[in-house]
Amino acid sequence: MANFFTDNPDLKFHLNHPLMQRIVELKEDFYKDKNEFDFAPQDFEDAMDSYAQVLEIAGEICADIISPNAESVDHDGPTLKDGKVEYAKGTKENIDAIVKAGLMGISLPRKYGGLNFSIVPYVMAADIVSRADAGFANIWGLQDCAETINDYADEAQKEKYLRRVCTGDTMAMTLTEPDAGSDLQAVMLKAHFDEDRKVWLLNGVKRFITNGGGEISLVLARSEEKTQDGRGLSMFIFDRNDGGITIRRLENKLGIKGSPTCELVFKDAPAELCGQRKFGLIKYVMSLMNSARMGIIAQSVGISEAAYREAFSYAQKRIQFGKPIIEFPAIYEMLAMMKAKLTASRSLLYETARYVDIYKSLAHLSNERSLSKEEKEEMKSYQKLADMYTPLGKAITSEFCNEIAYDSLQIHGGSGFMKDYPIERIYRDARITSIYEGTTQLQVVAATRGVTTGAYLNRMKEYENVPIKPETESYRNILVHMTEQYEEAEARVVVQNAEFIDFHARRLVEMAGNIIMGYLVLMDVQRNHDYWKTLEVFLKFARSKNMQNATFIGYSNLNDLGKFKYNIAK
Amino acid sequence: MDAFKIIVLAKQVPDTRNVGKDAMKADGTVNRAVLPAIFNPEDLHALEVALRIKDLFKDSTITLLTMGPVRAVEILREGFYRGADDGILLTDRAFAGSDTLATSYALSCAIREIRDFDIIICGRQAIDGDTAQVGPQVAEKLGIPQITYCEEIVSLNKKQVTVKRRLEQGVEIVACNLPVLITVNNSAAPCRPRNAKRLMKYKHATTMSKQQETGGDYLASSSSHTHLNIKEWGISNIKCDTAQLGLAGSPTKVKKVDNIVFQSKDSKRIEDLDEDIGILMKELIDSHIIG
């Protein structure tokens, strides 16, 4: 039987990272649930065994049900009937299997019906599901929103909504409006408290809402009259069963067609305030977006995996000029590069997931007991790392995902352009990853802080001092050299004005990303020497790419701003 | 609300669907060592039929009964992961070498020991023997009616079950009084996936003899978590005539096993014209190769 977890040794490799010991003991709060819940782990080994076995269930469903359904789901898509979304037949089968397997509410506490898994195995499931069908990964992955309820809602709300998520209710993150996309401060959907009914009522329009017809939504709305900016926004939990919502239209999209993208009209729709008033954007959306971005990194890696595998298998089977095309340098060069980007992306994904895991577990523990001084420092440093790596990861892995999908289709030649092979769908699905949950350009804005504060550079310097096997020293020398080059480019840019920094930000963030991923794969080689070939290929790519960016920056000065602007003016 | 006591018969079999070249030993018997042991596929369909009854009638119980070596406890766990409430491993040296007659005798004795049941469900046949005899023989021995080749249960109440049978020429809807034994085809709905929570709950479940064998770490916890103890029955737990068990109770004697390689005897070329293809289709239908 096919299995998307067991057929990919890279997953087990990342699952068994040494940091998992700490991650699991924090998540399980030293295994305190073992006497209360018959499915809670007894110890670390037991928890890890459960992670692996449950991922095997996910891998089996992905290979046997979700992946085979992907083509028909892409073709049929969801439909709109009387203001309600009807999923495609395949999507319904997928949801049924996922719910029966108990794979909703994976990371939620056991007392609400969740599995209380740490972020790493949850992200791994997202990686696997995205490989099977990126569009379905959205419907499934929106259980992320429940994390925000778990973090900020009151006990009664948690009891009410988290249970439902764990038994299969799907969710939506209802933020975007026609005039508030990247700039969410401009959200206008109105929330007012009805004194007679003692309930908040929502009125307005939301657009581009993934799974907008889901049972439970988190809605960002303007609760404070006469405000214009983000400080007037609050977060609401909306229950579809309470009515007041119509789905006006479903978008006809390029990719991820199985995932319904809705335009919603709220008309006196009753909703519950989540957390504190006025903290909607500045606190809760930030939390939502961080986990959503992590989800997109996982999705990008999953799509990259699918695209790489399609290319690899096609290149082996396709015979031209008397031999399989994989034997031609033009093809194997592309495949090796794709694999290197995929491997580096995945290392960045799980490294980031581990950081999020530790700081979030500590944050939850801090609600139950006071943390020791060491724990507080641990939480702070991992949160800082998570904030640094998340936008970097979202920007880089989603761009890599697009490149890998592009090259995979290219390897298919004319066949790739036809609907006969899965790569055509994968290529279309890949395109959204660098757009939603913040475009690459916006991720770069967030990541630029890591450039200007020197945080990325400090991280590289830390990696320089990690003990490694002597036979891998030569790889580190390359990375040390790349770091010097980055430092020089950074210094040249950062001393100038803000516009100049923004002008070169993407180049600098890419350079930082390539070096950090290089180090991560170097660390992978320490644990499994088989990764050395991938590291070599990746370093060849990364070094030349950084050289290119350094050259651009090296020959650039403030005058460029005017020249570039002038060049596009009418 | 009605509730039903359901017994599902299941067998652990070597996975003959993906056989390599070393799947058979030189003497023509199955080399079980190299083939992974799995839940017989049609028995999984049978389990799903039972689980769907339980979905509708929530207080129903499903007891999984399997006969085999100690290792067969694996499929009981698989059954627990998917929703079975109870499992019994029927294992004893005395059962070794049983053919279908002796197997059905042992199973029927175990079912008599369970006593209280409304429906017995099992796969039509096991992929290692393909006899399709055990289910019907169990029904005969228990003196209850049987419905074979079930694809779907159409309706069910405390008195009667209505079943859709999938036959070569079409479907047949039949009704029958309870208690009844039903054998299920592979055209029935595939079994649901394993459930994450149930997996974590039951993954350490095993039989007492297996626990003693491994001296496992979870021995202590299994006495406090009774769900981790899987029932293990030998001949001392069932009322039976030992002469009807195992090799002694098996009239089937394998005289010889031949390896047969299917090969085409003659070939025929046709042109890709509609007319020629039409003639070929007619020939294939007339000779019952397709149709």
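In this predicted model, 12 residues of chain B are in contact with 14 residues of chain A, where contact requires that the C-beta atoms, placed from the backbone, lie within 7 Å. On the side of chain B that touches chain A, there are four nonpolar, three polar and five charged residues. Here Ala, Val, Leu, Ile, Met, Phe, Trp, Tyr, Cys and Pro count as nonpolar, Asp, Glu, Lys and Arg as charged, and the others, Gly among them, as polar.

A word on conventions. Residues are numbered from 1 along each chain as its sequence is written, and chains are lettered from A and ligands numbered from 1 in the order in which they are written. Local features need pLDDT of at least 70, side-chain atom pairs count only at pLDDT 80 or more, and totals for chains, interfaces and linings use all residues.

I turn to chain A. Its domain assignment, which is automatic or from a database, gives domain 1 (9-167 + 282-432), domain 2 (171-277) and domain 3 (439-568). The C-alpha centres of domains 1 and 2 of chain A lie 26 Å apart. Between these two domains, 37 residues of domain 1 are in contact with 31 residues of domain 2. The domain 1 side has 22 nonpolar, eight polar and seven charged residues.

Finally, how do helix α7 (residues 144-152) and helix α9 (residues 280-317) of chain A pack? Helices are DSSP runs of H or I, at least four residues, numbered from the N terminus. The angle is about 145 degrees, with the axes 9 Å apart; axes are lines fitted to C-alpha atoms over the stretch in contact, and angles run from 0 to 180 degrees between N-to-C directions. The residues of this contact comprise five nonpolar, four polar and three charged.

Terms used
Helices (H or I, at least four residues) and strands (E, at least two) are DSSP runs, numbered from the N terminus.
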